[in-house]
Amino acid sequence: MRQPLIIGLGRAGAGLHLRALRTARDRSPGLWHGPAVAVDPRPGERAPVPDGVTVTATLAEARALLPPGRAVVHVCTPPSTRLAVLAELAAAGYRDLIVEKPLAADAAELAAVTELVTRHALRVAVVAHWPASGLADRLRAPLASGERGRLLRIDVVQHKPRFTRSLRPDDGHPTAFDVELPHSLGLVLSLAGPAETTGARLTDLRIGETVRPGLGSAVLDLLHGCGARTRIHSDLTAPVRERRVALTFERGTVVGHFAPSDADDHVQLEADGHREVFRDDALSAFLHRTYTRFATVPAEEPSWGADFALHADVVRILDAAKRRCAADAAGELHKEDRRAVAR
């Protein structure tokens with residue numbers, strides 16, 4: 001029986017993973033045993049920690065309580081610290097890791113993470129509860145049956161007001177591409193297959209005189225190998241939350257509404273004028289499946305590599321989008337300079 005080791009007690013670690021772990025164990029008491037051990041050196045800054053969690057300040061202290069052979073490690077630190085944390089865990093002997101999205105911050109970091117995974121034979125599961133959800137299964141059904149004809153496009157909306165966190169200097173998310181899109185991009189790749197970036201756009205977060213470059217909104221356009229097109233739009237300055245995925249087929253549209261936050265685990269599916277509402281605690285289901293895989297699926301099984309490859313594609317696509325936006329911004333700046341000289 002495995003035991004959780006949580007790295008980082010921010011919103012993801014304390015607010016999401018620990019709650020979902022308890023829900024998963026309530027449903028399957030033999031899934032893991034406790035107490036959960038956590039590493040977080042910030043006693044005055046971490047999120048509230050539930051009872052029954054042993055908190056340590058360093059990985060060395062945690063290792064003395066929970067050696068690698070028993071641990072499933074949850075890496076819940078920001079993307080900007082991801083590589084250093086994974087390297088420290090691998091050096092300490094930990095091999096079974098659940099990593100918050102995205103897997104890496106950019107293509108260069110992805111190469112380093114891939115080398116770590118290969119050299120240390122790590123089993124890595126990237127948090128992907130959208131693709132693992134019951135709602136995603138409902139969206140896959142018409143794709144599998146072909147009853148609605150060919151998939152033409154996917155439109156994703158991921159809006160939420162995120163002012164306070166985005167304004168923090170230690171937010172750890174460089175652009176709006178790094179906040180919400182890793183969830184939906186993993187989903188659309190699992191639905192429609194591999195894709196290439198055809199367009200990307202970023203806007204800045206502006207409040208009065210304060211500007212956070214690239215943290216306002218993001219748009220990503222994709223062309224899949226199957227011919228379908230995807231547009232993902234995420235606005236971090238929106239007045240309301242919305243998480244919607246619409247699949248347009250030759251004959252009709254199917255729309256899934258994911259839960260807007262962890263405050264409610266109900267989702268909705270719309271098709272043919274009918275709306276269905278059902279419970280779908282996707283993160284708990286993902287953790288249940290992943291702990292079961294760690295217990296039953298050996299590291300050499302190809303499914304680990306296939307899952308890693310999908311999330312590596314997510315990083316590569318987002319990296320290409322960010323580079324495209326940077327090039328566009330540089331081009332606009334050059335045009336402004338030329339206009340200024342002309343004047």
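Modeller: Leaving out residues up to four places away in sequence, Phe177 touches Pro182, Ala200, Arg201, Leu202, Ala218, Val219, Leu220, Leu318, Ala321, Lys322 and Cys325. The model is a predicted one. Phe177 belongs to the largest nonpolar core, which has 42 residues, and is listed with Ile154, Leu185, Leu220, Val245 and Leu247 as having the most contacts inside that core. At least two residues of this core come from each of helix H5 (134–145), S7, H7, S8, S9, S11, strand S13 (266–271) and helix H9 (302–342). The most is given by H7, with seven residues. In soluble globular proteins, nonpolar side chains tend to be buried together.

The strands come next. An open sheet of eight strands runs in the order S8-S9-S10-S7-S11-S12-S13-S14, and its pairing is mixed. Its edges are strand S8 (195–207) and strand S14 (274–279), each of which pairs on one side only. From one strand to the next the twist averages 15 degrees. Within the sheet, strand S7 (residues 151–159) and strand S11 (residues 242–249) are antiparallel and share eight bridges. Ile154 has Leu247 of S11 as its bridge partner, and both Ile154 and Leu247 are among the core residues with the most contacts.

Helix H7 (residues 181–192) lies across S7, S8, strand S9 (210–224), strand S10 (229–235) and S11, and runs at about 165 degrees to S7. His183 is part of helix H7. With a relative accessible area of 11%, His183 is buried because that value is under the 20% cut-off. Setting aside residues up to four places away in sequence, His183 touches Lys101, His129, Trp130 and Gln158.

In helix H3 (residues 82–91), the buried residues are Arg82, Val85, Leu86, Leu89 and Ala90. Viewed down the axis of H3, these fall within an arc of 130 degrees, so they line one face of the helix. An α-helix has 3.6 residues a turn, so residues three or four places apart point the same way. Ala84 and Ala91, on the other side of H3, are exposed. The cover over the buried residues of H3 includes strand S1 (3–7), helix H2 (59–65), strand S4 (71–75), S5 and helix H4 (107–120). After H3 comes Gly93, with a positive phi near 100 degrees.

S5 (residues 96–99), part of that cover, contains Ile98. Ile98 is buried, at a relative accessible area of 0%. Neighbours within four places in sequence aside, Ile98 is in contact with His17, Val72, Val73, His74, Val75, Ala125, Val127, Phe286, Leu287, Thr290, Tyr291 and Phe294. Ile98 and Arg150 are 52 residues apart along the chain, and their C-alpha atoms are separated by 35 Å.

As for the cysteines, Cys76 is buried at 9% relative accessibility, while Cys226 is partly exposed at 44%. The structure holds zero disulfides.

Key. Residues are numbered from 1 along each chain as its sequence is written. This is a predicted model: local features need pLDDT of at least 70, side-chain atom pairs count only at pLDDT 80 or more; totals for chains, interfaces and linings use all residues. Side-chain values use heavy atoms; hydrogens and water are left out. Helices (H or I, at least four residues) and strands (E, at least two) are DSSP runs, numbered from the N terminus. Buried means under 20% relative accessible area, exposed over 50%, partly exposed in between (1.4 Å probe, protein chains only). Contact means heavy atoms within 4.5 Å. A disulfide is a pair of cysteine sulfur atoms within 2.5 Å. The arc is that of the directions from the helix axis to the C-beta atoms. Two strands pair if DSSP finds at least two bridges between them. Axes are lines fitted to C-alpha atoms, for helices over the stretch in contact, and angles run from 0 to 180 degrees between N-to-C directions. A nonpolar core is a set of buried Ala, Val, Leu, Ile, Met, Phe, Trp, Tyr and Cys residues joined through side-chain atoms within 4.5 Å.
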